[in-house]
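Here is a short briefing on one protein structure. Keep the sequence and the 3D view at hand as you read.

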Amino acid sequence: MLYYLFEYLDKTFDLPGTGVFQYITFRSALAFMLSLLLSTIYGKRIINFLRNQQVGETVRELGLAGQNEKAGTPTMGGLIIIFATLVPVLLFAKLHNIYIVLLIVTTLWMGVIGFVDDYIKIFKKDKQGLKGIFKVIGQVGLGLIVGSVLYFSPNVTVRTDIGTSDVYRVQSTTSVIVPALIEEKSTVTTIPFFKNNEFDYAELLAWTGEGYEKWAWLIFIPVVIFIITAVSNGANLTDGIDGLAAGTSAVSVLALGIFTFLSGNIIFSNYLNIMYIPNSGEMTVFISAFVGALIGFLWYNSFPASVFMGDTGSLTIGGIIAVLAIAVRKEMLIVLFCGIFLAESASVIIQVAYFKYTKKRFGEGRRIFLMSPLHHHYQKKGYHESKIVTRFWIVAIMLAILSIVTLKLR
């Protein structure tokens with residue numbers, strides 16, 4: 001909203017300093033600072049409100065050290081993250097930008113699903129919460145919306161070079177010479193570590209004959225649905241010990257912030273020879289607010305936690321990261337910058353599959369891990385929560401750096 005106000009003041013009255021709101025970097029910095037302040041200052045009030053409403057965590061007996069001390073700790077802390085993210089976005093972002101609209105919808109959509117799940121667990125005294133089928137329906141519904149908008153909206157385009165590199169144009173605002181470009185609809189994405197790293201989902205239908213491009217949505221939309229469902233569930237599984245999900249998510253989102261800023265800037269994308277995605281740079285404002293909210297939430301969620309994010313936060317975090325990655329055409333890098341989510345999910349899948357297999361074959365179920373998800377395995381081995389979280393953060397940082405390196409490592 002403030003963006004439109006200052007844009008009006010700049011164009012109408014030419015007031016000194018009002019034009020600075022045109023810069024994504026300036027608005028991103030403001031969004032980060034405001035989000036951090038909101039999450040730390042008002043976070044305490046939200047925690048007190050949750051405590052007064054007796055919104056406390058019900059802890060299942062898993063035989064983990066320090067587990068019983070967590071009983072009664074306020075949950076639904078994801079409300080802090082959602083609040084501290086949306087307020088700066090509404091103030092500083094371009095609300096007509098299609099990517100910002102999608103991210104706001106994602107935040108609210110997944111927030112509602114998580115909130116309902118937490119509400120059932122706490123107030124209905126049902127430890128299972130919202131039935132899995134309804135969670136999946138909600139995730140699939142969001143995937144349909146996001147996939148359809150990204151595929152069919154005329155406002156979602158990518159760069160195509162004009163045939164010869166000798167054609168140039170001059171940007172009126174910066175007087176910097178850049179290659180002339182044509183914007184077009186495409187389902188192209190990025191394959192990491194390859195020199196010619198652009199892959200079009202439509203090519204998977206080339207065997208059907210001429211005109212196959214118009215059926216690309218049959219591939220693209222299911223891929224979007226799968227990614228959103230997988231990443232949101234991965235974030236949900238990672239939220240098991242104090243500070244783990246929020247910290248690793250902040251690292252992943254920071255990496256995505258670099259991708260969105262570079263991909264949305266015609267000069268940087270040309271220099272790095274990466275895909276230019278018009279208007280995608282505006283997502284940097286959202287990312288800055290989101291990172292500020294996550295760091296502010298860590299103020300209260302670090303060991304020993306004063307609040308848990310609950311499914312309200314974890315499902316929202318996963319949904320946002322998935323949509324960001326898809327929008328900036330870096331979904332194939334999710335296995336890197338979301339490597340912690342992947343490891344947590346894989347540990348559960350492997351554990352369950354191996355247990356069922358051995359029970360069927362030997363009559364007795366066996367386990368690979370002492371307990372899943374993976375962080376509980378290390379707890380069972382006697383590692384303190386803080387050590388596990390810190391080491392997972394370090395791994396997340398290494399994976400994020402590796403994903404950024406793929407910009408040039410091909």
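Helices here are DSSP runs of H or I with at least four residues, numbered from the N terminus. With that rule, Pro373 sits in the loop between helix H12 (339-362) and helix H13 (374-380). Bear in mind that this is a predicted model.

- Most residues other than glycine have a negative phi, and most peptide bonds are trans.
- Ser372 and Pro373 are joined by a cis peptide bond, with omega about 0°.
- A cis bond also runs from Phe303 to Pro304, where omega is near -10°. Pro304 belongs to the loop between H9 and helix H10 (310-327).
- Met76 is not a glycine, yet its phi is positive, at about 65°. Look for Met76 in the loop between helix H2 (24-52) and helix H3 (78-92).
- Is Met76 buried or exposed? Its relative accessibility is 3%, so Met76 counts as buried; the cut-off for buried is under 20%.
- Asn273 has a positive phi too, near 60°. Asn273 lies in the loop between helix H8 (266-272) and H9.

**How H7 meets H9**

- Two packed helices are described by the angle between their axes and the distance between the axes.
- Helix H7 covers residues 244-263, and helix H9 covers residues 283-301. Their axes come within 9 Å and cross at roughly 165°.
- Angles over 145 degrees count as roughly antiparallel. H7 and H9 are therefore roughly antiparallel to each other.
- The crossing of H7 past H9 is left-handed.
- On the H7 side, the contact residues include Ala246, Val253, Leu256 and Phe261. On the H9 side, they include Met283, Ile287, Phe290 and Leu294.
- Which classes of residue make up this contact? There are 13 nonpolar and six polar residues, and no charged ones.

**The nonpolar core**

- In soluble globular proteins, nonpolar side chains tend to be buried together.
- The largest nonpolar core here has 102 residues. Within this core, Ile321 and Phe337 touch the most other members.
- H9 gives the core its largest share, twelve residues.
- What does Ile321 touch, leaving out residues up to four places away in sequence? Its partners are Val231, Ser249, Ser252, Val253, Leu256, Phe337, Cys338 and Phe341.

How values were computed: Residues numbered from 1 in each chain as written. Predicted model: local features only at pLDDT ≥ 70, side-chain atom pairs only at ≥ 80, totals over all residues. Heavy atoms only, no water. Axes fitted to C-alpha atoms, helices over the stretch in contact; angles between N-to-C directions. Helix = DSSP H or I, 4+ residues; strand = E, 2+ residues; numbered from the N terminus. Parallel < 35°, antiparallel > 145°, perpendicular 65-115°, else oblique. Left-handed = near helix turned anticlockwise from the far one by under 90°. Contact = heavy atoms within 4.5 Å. Nonpolar A, V, L, I, M, F, W, Y, C, P; charged D, E, K, R; others polar. Core = buried A, V, L, I, M, F, W, Y, C linked by side-chain atoms within 4.5 Å. Buried < 20%, exposed > 50% of the residue type's maximum accessible area, 1.4 Å probe, protein only.
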